Every structure is written in structure tokens, then in C-alpha cells.
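Visitor: I am new to this structure and would like to learn how to read it, feature by feature. Could you show it to me and begin with a single residue?

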Amino acid sequence: MSRTAQAEPRTETKRKIYCANCKNCKLVPSPVGDDTRYVLRVRCAAGKWKKRLGDEKLYKYFTVIRRSMEECDAYEPMGDEEEFLQDLKRNLPINDEVYEPADSPS
Ligand code: SF4
């Protein structure tokens, strides 16, 4: 058996872009049930996250650390990525939590 495909030599290592470290990655509340409670979602304010049919795609907040791009012309880094991502990993909820708004004044 001959080997026809050979691995291309790597010329450079591209760094993955983490959307969580981008100014366009926005945290938004999304109502659930009777609209008195909400869950947290993230959206790309630059409109880069799309469903197959073109609608905007939102992701669950607790998965934000997994959102990454090979490249993005709208990426706006917010600072020290490594430190930010470590803090985020420590503080992210582990699942999709439901929140209630703070009690309103009577
Ligand atoms: S602009 Fe690009 S890097 Fe920033 S959140 Fe949107 S897709 Fe991610």
C-alpha cells in the first residue's frame, strides 16, 4: 500500500479566536414561560452567528467559552485573553440556569 497523501508542513500556528473575549459577544436575557423568569443567552452584535436559514443564532450563556472562530473580521478583543478566559471558566454556570428578576419596589 502506497501513501499518496502526506501531511503538509505547518508554516504557522493560527490562534483560535474566543468569542467570549470579543466586545461583540453580548449577554442577553431571554424570557421563559410566563415571561417572569429568564435564561441567559449570548449573541454576536456583529451578526456573525447565523442559523442555516439566516436567522440570528443565540447560544446558551454557559456554553460561551466554546464559541470560537478560526478567523473573524469583526473581532474586537477586550484585553488579556488568557486571564479573562480563566476567570470566565471559574464563574460560568455549569448548566442553563433560570433567573427571576429582583423584587420590584411596592
Ligand atoms: S464578532 Fe466575531 S469574534 Fe466577535 S463575537 Fe462575533 S463571531 Fe465572535
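Guide: Let us begin with burial: a residue is buried if 20 or more other C-beta atoms lie within 10 Å of its own, exposed if 12 or fewer, and partly exposed in between, with C-beta atoms placed from the backbone. Arg 37 counts as partly exposed because it has 13 C-beta neighbours inside 10 Å. Please keep in mind that this is a predicted model, in which local features need pLDDT of at least 70 and side-chain atom pairs count only at pLDDT 80 or more, while totals for chains, interfaces and linings use all residues. Residues are numbered from 1 along each chain as its sequence is written.

Visitor: Which residues does Arg 37 touch, not counting residues up to four places away in sequence?

Guide: Two residues are in contact if their C-beta atoms, placed from the backbone, lie within 7 Å. By that rule Arg 37 touches Val 32, Val 98, Tyr 99 and Glu 100, once residues up to four places away in sequence are set aside. Arg 37 and Val 98 are 61 residues apart in sequence, yet their C-alpha atoms are 6.6 Å apart in space. Across the protein chain, residues 24 or more positions apart account for 56% of the contacts with a separation of 6 or more.

Visitor: How many helices and strands are there in the protein chain?

Guide: Helices (H or I, at least four residues) and strands (E, at least two) are DSSP runs, numbered from the N terminus. The protein chain has 1 helix and 6 strands, which run β-β-β-β-β-α-β from the N terminus on. Arg 37 itself lies in strand 3.

Visitor: Which residues make up the largest nonpolar core?

Guide: In soluble globular proteins, nonpolar side chains tend to be buried together. A nonpolar core is a set of buried Ala, Val, Leu, Ile, Met, Phe, Trp, Tyr and Cys residues joined through C-beta atoms within 7 Å. The largest one here has 6 residues, namely Tyr 18, Cys 19, Ala 20, Cys 22, Cys 25 and Cys 44. Of the 106 residues in the protein chain, 8% are buried.

Visitor: What is the average pLDDT of the protein chain?

Guide: The term pLDDT is the predictor's confidence in each residue, from 0 to 100. The protein chain averages 87, and 85% of the residues score at least 70.
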